[in-house]
Structures are given as structure tokens and as C-alpha cells.
Amino acid sequence: MNGELISLWRGRSGGPPSRRGGRTVAWPARQPAEPTARAPRVVVVGSGFAGFGVLRHLEHHLPADAADLVLVSPVDHLLYTSLLPQVSAGEVEPRHVAVATRAALRRTTLLLGHVVDAGLAGRTVTIRRADGSRTTLGWDRLVLAPGAVTRTLDIPGLADHALGLKNLAEAVYLRDHVLRQLEQADACADADRRRARCTFVVVGAGYTGTELAAQMTRFTRRAVGAYPRLSPDDIRWILLDLAPRVLPELPPALAARSMDLLAARQVDVRLGTSVSDVAADRARLTDGDTIRTHTVVWCAGITPSPLISALGLPTSRGRLVVDSEFQVPDADGVFALGDAAAVPDTTRDGQPAGQTAQHAVREAAGAARAVAASLGHGSARPYRHRDLGFVVDLGGAAAVANPLGVTLSGLPAAALARGYHLYALPGRTNTIRVAADWLLDVIAPRQIVQLGFLPPEKSSINAAEQTDIYPTR
Ligand SMILES: Cc1cc2nc3c(=O)[nH]c(=O)nc-3n(C[C@H](O)[C@H](O)[C@H](O)COP(=O)(O)OP(=O)(O)OC[C@H]3O[C@@H](n4cnc5c(N)ncnc54)[C@H](O)[C@@H]3O)c2cc1C
């Protein structure tokens with residue numbers, strides 16, 4: 001492992017270089033005359049629901065001098081992913097779903113970069129900064145919460161031509177891309193080519209793909225008003241899934257009501273079907289049909305961050321194996337949670353918890369307890385999850401929800417979905433801004449503009465999600 005050892009000692013602590021647990025730690029340039037004992041360092045990897053939540057709990061429950069809290073993440077925010085389809089549909093501004101970690105985590109030091117490797121014996125992590133340079137950081141407790149990336153399959157053309165929806169850049173790019181298609185369709189005299197530009201394919205009818213197809217249909221049908229030669233009838237959104245129903249992870253009643261809402265919105269849902277190969281101007285389907293399109297959005301599953309396989313620790317379906325108190329077996333001081341870890345859920349016979357924000361948020365409280373307990377504060381508890389239900393927001397007054405097992409659809413479900421998001425969004429500033437976006441969407445037309453933040457050559461799933469920066473084992 002190469003790179004400098006960096007110092008993160010904050011406040012007034014200082015002293016000569018020392019050895020703790022067999023590793024060297026560096027000290028700040030300005031050193032007080034008397035060496036002082038330092039607090040153990042807790043390094044959290046990832047600022048998603050899991051990592052952010054762990055730090056929030058540790059900040060609240062650990063005495064100020066009990067630990068030196070450090071967050072390593074490539075971004076300076078928690079991304080509220082549930083609203084990404086609304087970012088693509090232009091209903092919510094991108095910045096408003098990004099909760100600033102510096103403002104929310106006042107006792108934590110933020111280091112921007114990807115952790116690309118970890119030395120368990122030497123208790124270090126290797127961090128790759130945005131400019132490609134590397135540095136090494138020591139830890140006393142390591143909490144791994146790097147989440148997941150889009151799972152791409154070995155389908156010809158998929159890696160080059162399909163778009164993902166896992167981060168903010170991808171959500172904004174998708175919106176730009178769709179508007180670009182409308183722009184080009186409007187300028188096109190040939191009816192077939194115009195139809196291809198106005199045809200959009202979403203693969204994967206889980207909650208992400210279903211919400212996206214429904215919300216984008218609504219958005220594009222309205223957006224055509226800005227293009228004189230297009231009409232709402234030109235727009236076609238196709239939603240594919242190999243499963244026999246939409247929303248396979250949710251109760252059948254929710255799926256059935258979602259199907260009705262999708263039909264009312266004229267989304268062409270094709271079940272038992274996926275793509276078999278993808279090109280720049282068409283998608284071939286597994287049922288033999290070929291669709292002329294310039295847009296395939298791949299929402300057909302996720303896989304843990306490549307960091308997990310780079311560590312060489314035991315995994316289950318790619319997720320890091322942990323016990324019910326979030327500890328990685330045989331890796332002293334290492335904890336993991338969220339989408340990247342197979343946390344056994346004691347309410348489901350120890351089956352791995354689902355890869356949802358709801359789980360990640362609850363796991364964060366438990367993992368923080370476990371970390372605190374390992375530092376001598378309080379005690380750990382096995383993870384238990386009580387499902388509160390799900391909300392699926394299809395845009396406007398169309399939504400389905402099952403709070404505490406009661407199935408709702410239409411306006412009551414839409415009101416519940418939005419109320420839930422406002423409650424669940426950490427950070428008052430973001431809550432106010434998202435609520436304002438929703439209000440503005442009712443009283444003012446959406447702005448049909450392309451932002452152009454991500455160049456097309458960086459838009460493939462692998463490039464946008466930086467999956468190639470990790471060492472392979
Ligand atoms: C479009 C979309 C919609 C969704 N909607 C819902 C929903 O409505 N309800 C629901 O319950 N769930 C939903 N989910 C799932 C939910 O977002 C995840 O289950 C949840 O985010 C998992 O939390 P996490 O902290 O494990 O991972 P994430 O939230 O993905 O966070 C991972 C963090 O780690 C960082 N990171 C990645 N690699 C590294 C590295 N090498 N080093 C350091 N940091 C790293 C990332 O930048 C990020 O900050 C949705 C997901 C998507 C993509």
C-alpha cells in the first residue's frame with residue numbers, strides 16, 4: 001500500500017509520532033510541549049443513509065472526547081436517492097436532494113475521496129482523491145458503508161449505450177439526454193426516426209424503474225409543448241422486466257394498483273421480457289422484438305460497491321458478511337452495513353436485510369451502538385427490523401403505499417408519499433427546498449432546459465459510477 005500517512009488530529013491534541021496497534025500515525029506540524037493521549041479514530045466509509053446515519057448517532061451519543069470521527073466519501077453530501085426519479089423529471093432541483101454533510105455532522109472530519117483498499121492487519125485504508133493521488137489513513141474502528149453500484153450484465157452493447165440512475169450526475173444526465181431526444185425529434189422530418197427519438201425504454205420494474213417510467217412519461221408528455229412539431233401522442237415509454245409483475249419486491253396489491261396507474265399513463269409495460277442487446281439506435285428484446293430507440297435506462301438491479309470485493313473478505317451474494325451486531329467476523333474493529341453488507345435480520349430468521357434506505361437508516365442506529373459499545377460506551381444489540389411499509393410515487397396524484405400494511409393509492413397515497421419524504425429527508429434546509437419545489441411545480445411550468453453538467457462520453461454506467469478505480473483480487 002503506497003501513499004503518505006495523513007494526520008487528522010483536531011483541536012489541541014498533538015505529540016510525537018507514535019505506534020498504536022502496530023501502525024505508525026503522523027502528528028500535526030505544530031506540537032504542544034506535552035504529549036496528550038488521543039481519542040480512538042472511527043473511520044466511516046461512505047456518506048449514504050448508512051454511513052451518514054452512523055455518524056449522526058455517534059455524534060449524538062458519544063461524549064465529545066470519546067472518539068475522533070472521520071468520514072471518507074467521494075461526495076460531500078448524503079444523496080436522498082428516493083427522489084432521484086423526480087430530479088430526472090425536473091420536479092425537484094438536484095441540489096435539494098443532497099444533504100450537506102459538513103453542515104449536518106459538526107464533529108466529523110470529512111475527507112473527499114474513494115477508499116479503494118483497506119489493510120486490516122495494519123489498520124489503514126487507502127484513499128484515492130478526485131485527482132487520482134492516493135493517501136493512507138489509520139483507524140481504530142472502521143465502518144464500511146460504501147453502498148452499491150448499478151449491476152450491469154454481460155448484455156452486448158449495454159455497457160456502452162445504457163444509462164444508469166444511481167447518482168445525481170446520472171439523474172441530471174438522463175433528463176438532459178431525454179430533452180436532447182425531443183430536440184432532435186422536433187428537427188427530424190422522417191416519421192420513423194422521429195418516433196425512435198421519442199421512444200424510451202426502462203429495464204427493471206422495481207421501485208426505481210417503475211417510478212422513473214411513470215414520472216418521465218408525465219414529464220415528457222408535458223415537455224413536448226415546447227417543441228412545435230411534437231405532440232404528446234408521439235411519446236412512448238416502455239417498461240420491461242423479466243419478472244411476471246411490476247414491483248416484485250412489494251406486496252402484490254401494491255403492484256396491481258401500480259399497473260392500473262401505469263396503464264392510465266399509457267406506459268407500455270412488458271413483463272417476462274428484458275433486453276438481449278443494445279445499440280445506439282435500437283434495443284433488441286428477449287421476446288425477439290426490436291425497438292428503435294436512442295434511450296435505454298438500466299434499472300435492473302444493484303451490486304455492492306467494488307470496494308467490497310477488493311477487500312478479499314467473505315461475502316454473500318457480493319455483500320460483506322457481518323454478524324447481527326454489524327461486526328465483520330475475523331476482522332477486529334471492522335463493522336459494515338447498508339447495501340454493501342449482508343446484515344442478518346433477526347425478524348426474518350437471519351436472512352440478509354433488504355437493500356433499501358429504510359433498512360440502511362435503521363441499521364445505522366444499530367451499527368453506531370455497536371461501535372460505541374466497542375469503545376466502552378453502552379451495549380450492542382442484534383439488528384431487528386419492523387417494516388413500516390413502502391411508498392411508490394408515480395408523479396402528480398398517482399402513487400401507491402402500504403403504511404403499516406394498509407394499501408392506499410391515488411391522492412391519499414401521494415400525500416403520504418410526499419409527507420414521508422419530507423419527514424425522512426435529513427436536514428431542515430433540504431426539507432424546505434423540496435417542499436418549495438413541489439409547490440412551485442403546481443403553480444409554475446417546469447423549465448425545459450438542458451444543464452449539460454456531464455459530457456456524453458462520461459455518461460456510461462461504469463464511467464458515471466467510477467467502478468474501475470479499485471484493485472482486483
Ligand atoms: C433511484 C433510486 C431510488 C431509490 N428509492 C428508494 C426508496 O424509495 N426507498 C428505499 O427504501 N430505498 C430506495 N432506494 C435504495 C436506497 O437508496 C439504498 O438502499 C440506500 O441508499 C442504501 O444506503 P447505503 O448508505 O448503504 O448506500 P448509499 O446511500 O448508496 O451510500 C453509499 C455512499 O458511499 C459512498 N461511496 C461509494 N463508494 C465509496 C468508496 N469506495 N469510498 C468511500 N465512499 C464511497 C457513496 O458516494 C455514497 O455516499 C433507491 C435507490 C435508488 C438508486
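The model is predicted, and local features were taken at pLDDT of at least 70 and side-chain atom pairs only at pLDDT 80 or more, while totals for chains, interfaces and linings use all residues. Residues are numbered from 1 along each chain as its sequence is written, and side-chain values use heavy atoms, with hydrogens and water left out.

Five strands build it in the order 8-5-4-12-24, with parallel pairing; strands (E, at least two residues) and helices (H or I, at least four residues) are DSSP runs numbered from the N terminus, and two strands pair if DSSP finds at least two bridges between them. Strand 8 (108–112) and strand 24 (334–336) lie at the edges with a single partner strand each, so one side of each has no neighbour in the sheet. From one strand to the next the twist averages 20°, where axes are lines fitted to C-alpha atoms and angles run from 0 to 180 degrees between N-to-C directions.

Within this sheet, strand 12 (residues 141–144) can be followed on both flanks. Four bridges link it in the parallel sense to strand 4 (residues 41–45), and here Val43 stands opposite Leu142. Three bridges link strand 12, again in the parallel sense, to strand 24; in that pairing Val143 has Phe335 as its bridge partner, and Leu144 has Ala336. In a regular strand, side chains alternate between the two faces of the sheet. In strand 12, Arg141 and Val143 point one way and Leu142 and Leu144 the other, and all are buried (buried means under 20% relative accessible area, exposed over 50%, and partly exposed in between, with a 1.4 Å probe and protein chains only).

The hairpin from strand 17 to strand 18 passes through two residues. Strand 18 also pairs with strand 19 (residues 290–292), in the antiparallel sense and over three bridges, with Ala283 opposite Ile291. Four residues lie between strands 18 and 19 in their hairpin, and Gly288 in the turn has a positive phi of about 95°.

Helix 7 (residues 207–223) is mostly covered, with 14 of its 17 residues buried. Its end C-alpha atoms are 24 Å apart, which agrees with the 24 Å that 17 residues should span at 1.5 Å a residue; the expected span is 1.5 Å times one less than the number of residues.

Turning to the ligand, 32 residues surround it, the closest being Ala50, Thr81, Val115, Ala357 and Tyr470 (a residue counts if one of its heavy atoms lies within 4 Å). Polar contacts are pairs of N or O atoms within 3.5 Å; within protein, one atom must be able to donate a hydrogen and the other to accept it, and residues adjacent in sequence count only if both atoms are side-chain atoms. An N or O atom in the side chain of Tyr470 is 2.9 Å from a ligand nitrogen atom. Taken alone the ligand exposes 990 Å², of which the protein buries 90%, with areas from the Shrake-Rupley method and a 1.4 Å probe; for residues, only the protein chains shown count as cover. Among the elements giving two or more residues to the shell are helix 1 (49–61), strand 9 (114–119) and helix 7, while the largest share, three residues, comes from helix 10.
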